[in-house]
Amino acid sequence: MEGGATYVSDLGNLKATELRLGLPGTDAPEKPTPENPRGSKRALLEANEEFRGKSKSPEADPNGQEAAPMAKAQVVGWPPIRSYRKNSFQARKAEAEGAGLLVKVSMDGAPYLRKIDLKVYKGYKELGEALENLFKCFSLGELSGMEGCNGSEYAITYEDKDGDWMLVGDVPWEMFISSCKRLRIMTGSEARGMRSSP
Amino acid sequence: MTYFPEEVVEHIFDFLGSHRDRNAVSTVCKAWYGVERLSRRSVFVGNCYAVRPERVVARFPGVRSLSVKGKPHFADFNLVPDDWGGFALPWIEAFARGGLGLEELRLKRMVVSDESLELLARSFPSFKVLVLISCEGFSTDGLAAIATHCRVLRELDLQENEVEDCGPRWLSCFPDSCTSLVSLNFACLKGEVNAAALERLVARCPNIRTLRLNRAVSVDSLSKILARAPHLVDLGTGSFTIDHHAEAYHRLINNFTKCKSLKSLSGFWDASPRCLPAVYPICGNLTGLNLSYAPAIQGADLIKLIRLCLKLQRLWVLDCIGDKGLAVVASTCKELQELRVFPSDVCGVGTAAVTEEGLVAISSGCPKLNSLLYFCHQMTNAALVTVAKNCPHFTRFRLCILDPGKPDPVTNQPLDEGFGAIVQSCKDLRRLSLSGLLTDQVFLYIGMYAECLEMLSIAFAGDSDKGMVYVLNGCKNLRKLEIRDSPFGDAALLEDVGKYETMRSLWMSSCYVTLKGCKTLAAKMPRLNVEVINERDESDEMEENPSDLRRVEKMYVYRTVAGPRNDAPDFVWML
């Protein structure tokens with residue numbers, strides 16, 4: 001198959017929650033390549049063929065190997081378990097581990113979102129630093145929406161329980177993490193608007 | 001037979017139980033067609049797009065029971081995009097407009113809206129049975145409509161559906177006059193339930209025999225319910241989490257003991273091992289046990305429980321039972337017919353939980369085994385050969401080795417011989433799912449030996465087109481073929497195009513089939529719908545004018561008398 005994403009990240013897919021630092025647009029993880037690359041169908045078929053000592057079958061894709069193998073291979077729809085079952089386990093796992101508060105973080109202009117655990121941070125400063133680290137590969141400079149710093153073009157906002165977008169930093173930390181549903185790093189004029197409102 | 005009056009012919013037809021038999025007699029002659037269609041009470045539509053609802057209504061005006069299936073099987077594993085189709089509404093509308101006296105509706109893998117449920121509830125005063133399996137698109141408000149308007153409702157069975165929670169009021173919508181419930185299964189609902197309303201409902205339905213509670217129902221509530229309904233045959237326990245020292249716990253044991261008719265248990269969502277002894281009193285009567293949603297029950301506790309279940313016929317467990325646990329099942333459950341072992345770690349990586357040893361043990365201890373779903377980390381040819389010899393009665397054999405394309409770890413060989421032994425030995429095999437490292441050889445065996453095979457699932461298997469051709473040529477009873485990530489291309493697809501009219505459907509994803517191949521098939525076979533499903537994003541330039549040589553991501557082919565469907569979303573191309 002040419003190009004395109006063969007494996008689409010979806011709701012039941014744990015990959016969405018996995019923190020991996022990497023250049024935008026690739027799935028290459030920092031970890032070393034495992035022995036059994038399972039990241040793409042082609043890689044898989046070729047691995048099979050190598051294993052059996054055959055030469056490449058004439059129908060092999062002319063593009064050759066392309067997708068970087070993933071350390072924790074997540075093939076869509078494999079193993080073949082109904083989403084209902086998968087979801088009921090994941091929900092339980094999250095509860096059981098008291099697994100913090102996972103929220104999505106989007107940044108205007110970034111090709112993909114990240115997910116962070118709010119319970120891991122002690123306060124706004126740590127959160128700010130973490131967000132900076134997460135998105136620093138986009139060379140976006142200093143993030144600061146919290147101390148109302150001027151000169152920066154970004155504002156960190158969050159969606160609260162009522163569905164409103166609020167500027168991060170106004171309420172006490174504990175109250176913030178209990179009402180934060182997701183984070184969004186706003187850019188440009190929208191950001192300036194947010195910060196200048198009383 | 002033309003000198004028999006119609007009533008007599010009709011009476012004879014009454015003895016024909018299966019849909020296939022009735023379909024067959026209807027083709028004998030016009031007279032029989034006429035008698036059959038007017039006397040048909042139950043219709044099964046295996047693919048909702050194979051025939052238009054209006055046509056079913058017109059042909060069978062006396063139908064009381066309808067079953068319809070929607071999405072292809074691989075939709076269970078997220079391979080079919082959400083908006084693909086499979087809507088229930090057209091069916092309900094057609095039956096309502098046709099003024100039919102629908103009493104039973106069973107839907108699987110369909111999109112059911114609240115609107116459809118409301119229409120259903122209001123249109124059929126004798127409506128008795130609603131079974132929804134793996135459906136989505138509705139909320140508890142739809143259920144409220146059913147509860148409110150279906151005065152003689154007997155069964156409300158919700159299995160593994162995605163249901164939006166709009167609060168607990170739906171259960172309170174069953175009027176006080178509703179006393180007809182025999183079966184109520186709401187285990188898949190995620191939200192809270194009004195405990196008092198539930199207890200009252202159970203109390204006023206003296207015929208209730210199946211009750212599957214959801215996770216929100218507390219043990220306290222369960223206890224009260226058991227006290228009110230000691231004639232229950234099938235129970236889904238709810239959360240089953242309780243302090244085993246508390247008085248409530250002792251009440252629970254007492255109430256369980258009174259349930260002499262209990263044959264089937266499921267649920268145990270949050271059960272901790274300490275609570276299990278509450279069910280010990282009834283284990284000896286159990287024929288069905290589903291612990292596959294109870295990851296906290298492992299090892300020794302599981303084994304203790306199973307040792308008491310001497311009459312077990314159906315067992316669903318997680319792989320944390322281990323090979324040792326399966327050996328205990330083998331020595332205890334001599335009546336076992338169906339076994340499903342699910343992976344507890346859905347990522348597929350982790351410590352080995354069950355292997356070929358567990359399966360071999362089961363096969364030697366449980367000779368009546370005929371249905372298997374087994375997720376494991378590895379399998380050997382030797383084990384499969386042994387299993388085939390021990391259990392020649394398999395009708396359903398689904399093996400999933402978690403690591404795709406994994407060979408026999410002892411010999412490093414593909415698993416062709418092992419699966420070959422299975423199909424050769426199990427002459428009644430109707431359903432087969434393959435996994436592990438497999439070459440074209442396994443398909444040769446399947447084509448040669450699997451005469452009764454109706455459904456075959458293939459993933460990451462085969463070397464060339466020959467594999468698929470062996471299957472298409474050999475399996476004369478094949479109805480459903482689903483293939484993913486295997487090197488089968490246009491040559492295989494087009495080898496015998498007439499074959500697909502003898503089958504319900506063919507699914508191929510991430511294979512080597514090209515757009516050209518699909519178009520050729522569509523052109524040759526007007527009575528097939530050839531759907532190409534593309535989930536490309538807008539940045540893909542090829543989307544506008546795709547080259548015919550481009551490989552197709554997902555293809556779904558099915559026979560139909562309804563022509564191309566008109567509700568297909570943008571990303572589905574009807575060729």
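Asp548(B) is partly exposed, at a relative accessible area of 28%, where partly exposed lies between buried (under 20%) and exposed (over 50%), using a 1.4 Å probe and protein chains only. This is a predicted model, in which local features need pLDDT of at least 70, side-chain atom pairs count only at pLDDT 80 or more, and totals for chains, interfaces and linings use all residues. Residues are numbered from 1 along each chain as its sequence is written, chains are lettered from A in the order in which they are written, and side-chain values use heavy atoms, without hydrogens and water.

Asp548(B) forms a salt bridge with Lys519(B), with the closest N and O atoms 3.0 Å apart; a salt bridge is a side-chain nitrogen of Lys or Arg within 4 Å of a carboxyl oxygen of Asp or Glu. The pair links distant parts of the chain, 29 residues apart: Asp548(B) sits in the loop between strand E21 (528-533) and strand E22 (554-559) of chain B, and Lys519(B) in helix H21 (residues 515-524) of chain B. Helices (H or I, at least four residues) and strands (E, at least two) are DSSP runs, numbered from the N terminus. Lys519(B) is partly exposed at 37% relative accessibility.

A search of the whole structure finds 32 salt bridges over all chains. Another joins Asp141(B) to Arg169(B), with the closest N and O atoms 3.4 Å apart. Asp141(B) lies in helix H7 (residues 140-149) of chain B and Arg169(B) in helix H8 (residues 169-172) of chain B. Glu338(B), which pairs with Arg340(B) at 3.0 Å between the closest N and O atoms, is buried at 14% relative accessibility.
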